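Hello,

Here is the structure I promised to pass on to you. Please open it next to this message, and my notes follow below.

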Amino acid sequence: MAGTDLHQIDSYAIAEKIKEKASGTLYRCQPTKRSRSEIFIQVSALPLLTEADQQLFQERARHLKRLSGNRAIVSVRDYGLLGQAAGDRLYGYLVLRDLPGESLEAYFQNQHPLTPDGALPVLLAIGDALHVAHQRKVLHGNLHPGCILGTPANAVLTDFALACRDGSLTYDDEPAALPYKAPEHLRGSPQPASDQYALAALLYHWLCGRPPYEGKTAQELLAQQERRLLIGPRRLNAAISPELEAVLLQALALDPDERFPHVRAFTDACLAAIKGLPKTLYRSREGESALGQAAQLPAAVSQAPAGEPVSPVASRLATVVAPAGTLPARPSPAASGQDREPVNASIRSSNKAEERPEEPAAEGLLATVRADLRQGGILSRSLPGYEERPAQIAMAEIVARALEQGHHAILEAATGTGKSLAYLVPIVRSGRVAIISTANKALQEQLFYKDIPFVQQYIKPFEAALVKGMGNYICLDRLENERLGMQLFTKNREFRRLYELTQDPDADFNGDIESLDFPLPADLRSRIVAERDQCAWSKCPFFFDCYVRQMRLRAERAQIIVVNHTLLLLDAALEGHLLPERDLIVLDEAHHLEEEATRAFTITISPNQIRTLLAQRMLKEHSRLSIQDEAERAWLTTWRRLEQLARYCGPGSRLNLQEPLEEGLQLATVIAQLADSLRQERPRDLPEKESTLYDRLLKRTQNLAEQIRTVFAVNQPERYVYYLERVAQLGQRGSHIEVSAAPLDVTSWLREKLLKTPVLIFTSATLATTGPHPLRPEEKGPHFAYFRQRIGLSYEEMPEVEERILPLTFDYQRNALLYLPRHLPEPAYGSGEAVRRYTEAIAGEMLHLVNASQGRAFLLFSSQRMLDAVYELLQASSLPYRLLRQGDWPRSELLRQFKAEPAVLFGLKSFWEGVDIPGEALSLVVIDKLPFDPPDDPVHAARVALMKEAGENWFGSYVLPQAVLRLKQGLGRLLRTRDDRGVMAILDSRIYTKSYGRLILSALPPARRTDRLEEVYRFFQDA
């Protein structure tokens, strides 16, 4: 679009044209109220004539966005396609942030030739930038002096090749780049080694005052490269040492295989040659040594001054280039947004390494990570009292090996291992982009606000992003609509505080509701958070400042992206279009994966979904009133029928739906008619925003009709289990019925959508369990067969997965006692005298245990009925400790009260894991019975039935391992630090009376065991 003056590009208002060149035009944008950055737009000069070219440009732009976290690479904030005012041609554009005003060319113009020391800072910065780009499979393809902006100390690489023609990147955007192109680039086959050549040619130019060759066309330049002798750099600048000349000539070799193995090897070798750092040998791409290449140099280089050898490589090989291992690898600024460590800091690290003779020169990621975590490494030097953890180092080595070799790993790491650090350090050191997925938002925030800042401070700066679902962020458009309505704005103090916060350009608020330091009422929150169905995205007037968009931009720039399992699975379902591209995924708390996948792909219909749809303004205005009335009657009729079916179901209980529900199918038909009416009565000439929202409403209505039909048809029993569930309404009295279709098997889906990721790290404190091993039936100890089976990671198809149960960190023999009484009755079910006796026996035993521990106890139950019954019995016993029951208070308040004084907490499933109470506040964990799934739970029963039909060992391969994992989670609440002491108790005599008891015991922590209550008292008395 050369010569065109633009005033608006998408939502960006143009302030002025900055410059125009062959590759495109650069514009400065007008600042917005909340923006703290200068915004620029670069419009490509070459039109995108085909759909293939347009898709290729967008893919290239998306890759460039991923590089934006590197301080030495231009920050791409957004991208898009722009049409001409007249004509149908489209041009690609990039939205850029905070460009330096001048190019390095202008800075250097009066300083040619440069000294090697003067050129070194920019060489290192651009070398690192190119290395990061190459790691992410991005070539620059356009290097020339004008594409480096700023000063040597703050150089920024810009102008990556963008021109697309005939479905391929041309890598010939800018004529100014011609003198620096490698021979293979001129022949039309650029590769990463071509960028290395170009950088070496730039260095040659800076040091010698001219490029290596000066052909005016590609053909002339290629002919010079192939036929002329290159003038030795030392003939043009006497300040160039023989060592530096040798390095420079190797990087300018005509054959890309004779250059350095990667661009950072070249810049590291320059650093060694200029600074006189310790030396050894870099290897070429084919494994030849620099010595072998040096022998070929005289043929390609003119004679050096008299008395000097043509190439010093052969005679002074030991002082030419630094090895990977003696020269400390400079930390990649990949996605860091931070300055590189200064050179002298790198030298200090090298000297420290030399002080440890037992440690050989580091070669590769494995040794680097091992050195970081060992005594004498970077952490122990920085942190007084640092203790080396062998299990942590072992886990970090496995993660590093998986990264280097490209395979999956399954790691059980007990509490105290420090598993977050064990996977973060190798990932950060590798420069790879990783998604780390946790089980819930609380674990996300712990990782993001505690563990990641630690690694950023003590290991290496890098950029990280915390990504949550849309519903966690404020929608500025909805907020403004509520403000204009005035109802909330005038009556609600929290609303006014929130609105003022969003208008403050200096506020450090990212839109995440959880980060507010004041509470938002539920009704207010529901009206102002982002919702996919009510998001106009790029057509929204607040798009530029949208919090969800900014979150996604941060994620695009980040090296570490923290999500939860639900978001990760949704991204997998969308073929990776929700989250940024990544090199690996870490699944922390991986034992939740099957459960989360089942939940994520369960279709659930609630009355609120239908109520909110029918309340939509556009639907009321643009669909037939008679169909709206019919839909209202249909959903009320359906839910009256569901109430009749579930009249005996209490909150949380489920009931199989075994045959089609006609009322529900009629509801699906009416909602489908409503969608047809919306489509037929769509207004013409809607504004862009309204048009987008109308399309979303139509799609939402169609999807809901399909889902209602799926749930109520009950016609795919081989795929789904159908059930009703009575659900308590959060923060309200009463309950409502929801109807669901849950997938029976998620393994094939996980195998197809998730397990194809190149590297997956599965870790948790509880992954190994008991039961028959499919390949090694003689193996009786804990193993990962159950976990692998449930997620589709079969031994036959993926035998190369590395597995490890890491050593325990805590001394269970000394600090823990496992109480397993023999005298209690086996669990009783239903109602009657046996149930009453059983309940009283359990309550009595818990009373003794709580007295022994003087409160400070978690009592964990498998059912609400049992919890309530025991709570009432212990409440009547006049225990001198506070009794706290799950459900009476919010979880956070229960934990606060528990820590404040000796107390007894009665908990269900959510307290079996994810609760961290170190110290004496928690000294006793009691589990009422082995946590088998209720046999009448619809999903559990359906899966068991399928295994029975297939002749599988449903108990040993599914039911028992599942219970063991839950048991390990519950018992894991007790010891949270090395100094913690306490008693674990399982009040289920089936451990002794059933054959599976010994299998359960073999999987439990190796604490001392007893069946005598007096030993429990003695344990606490000895504390």
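This is a predicted model: local features need pLDDT of at least 70, side-chain atom pairs count only at pLDDT 80 or more; totals for chains, interfaces and linings use all residues.

Leucine 874 counts as buried, since its relative accessibility is 2%. If we leave out residues up to four places away in sequence, leucine 874 touches Ala843, Leu859, Leu879, Leu883 and Phe906. There is also a spacing to look at here: leucine 874 and glutamate 840 are 34 residues apart along the chain, and their C-alpha atoms are separated by 9.9 Å.

**The chain as a whole**

Stepping back, the chain has 1023 residues, and buried residues make up 55% of them. Its secondary structure comes to 39 helices and 28 strands. What share of the contacts between residues at least 6 apart in sequence join residues at least 24 apart? The figure is 71%.

How many disulfides does a search of the whole structure find? The count is zero. Two of the cysteines I looked at are cysteine 208 and cysteine 270: cysteine 208 is buried at a relative accessible area of 9%, and cysteine 270 is buried at 0%.

Next, please find isoleucine 126 in helix H3, residues 116-135. With a relative accessible area of 0%, isoleucine 126 is buried. Not counting residues up to four places away in sequence, isoleucine 126 touches Ile148, Ala155, Leu157 and Leu199. Isoleucine 126 and arginine 264 are 138 residues apart in sequence, yet the distance from C-alpha to C-alpha is 9.5 Å.

H3 packs with helix H5 (residues 192-208) at an angle of about 170 degrees, and the axes are 11 Å apart. Angles over 145 degrees count as roughly antiparallel, and H3 and H5 are therefore roughly antiparallel to each other. Their crossing is right-handed. On the H3 side, the contact is made by Pro116, Ala119, Val122, Leu123, Ile126, Gly127, Leu130 and His134. H5 brings Pro192, Asp195, Leu199, Leu203, Trp206 and Leu207 to the contact. By type, the residues of this contact divide into eleven nonpolar, two polar and one charged.

Helix H22 (residues 565-573) and helix H23 (residues 593-600) pack at an angle of about 60 degrees, with 9 Å between their axes. Are they roughly parallel to each other or oblique? At that angle, H22 and H23 are therefore oblique. H22 passes H23 in a right-handed crossing. From H22, the contact is made by His565, Thr566 and Leu569, and from H23 by Leu593, Glu596, Ala597 and Ala600. These residues divide into four nonpolar, two polar and one charged.

**Leucine 466 in strand E13**

Leucine 466 has its place in strand E13, residues 464-466. At 8% relative accessibility, this leucine counts as buried. Leaving aside neighbours within four places in sequence, leucine 466 is in contact with Gln444, Glu445, Phe448, Tyr449, Tyr473, Met551 and Val562. Leucine 466 and isoleucine 561 are 95 residues apart along the chain, with 6.1 Å between their C-alpha atoms.

**Two residues with positive phi**

Finally, here are two loop residues to check in your viewer. Glutamate 589 lies in the loop between strand E15 (584-588) and H23. Its phi is near 55 degrees, a positive value in a residue other than glycine. Aspartate 685, in the loop between helix H27 (662-680) and helix H28 (688-713), has a positive phi of about 55 degrees although it is not a glycine.

Happy viewing, and do write back with any questions.

Best wishes

Conventions. Residues are numbered from 1 along each chain as its sequence is written. Side-chain values use heavy atoms; hydrogens and water are left out. Axes are lines fitted to C-alpha atoms, for helices over the stretch in contact, and angles run from 0 to 180 degrees between N-to-C directions. Helices (H or I, at least four residues) and strands (E, at least two) are DSSP runs, numbered from the N terminus. Angles under 35 degrees count as roughly parallel, over 145 as roughly antiparallel, 65 to 115 as roughly perpendicular and the rest as oblique. A crossing is left-handed if the near helix is turned anticlockwise from the far one by less than a right angle, and right-handed if clockwise. Contact means heavy atoms within 4.5 Å. Ala, Val, Leu, Ile, Met, Phe, Trp, Tyr, Cys and Pro count as nonpolar, Asp, Glu, Lys and Arg as charged, and the others, Gly among them, as polar. A disulfide is a pair of cysteine sulfur atoms within 2.5 Å. Buried means under 20% relative accessible area, exposed over 50%, partly exposed in between (1.4 Å probe, protein chains only).
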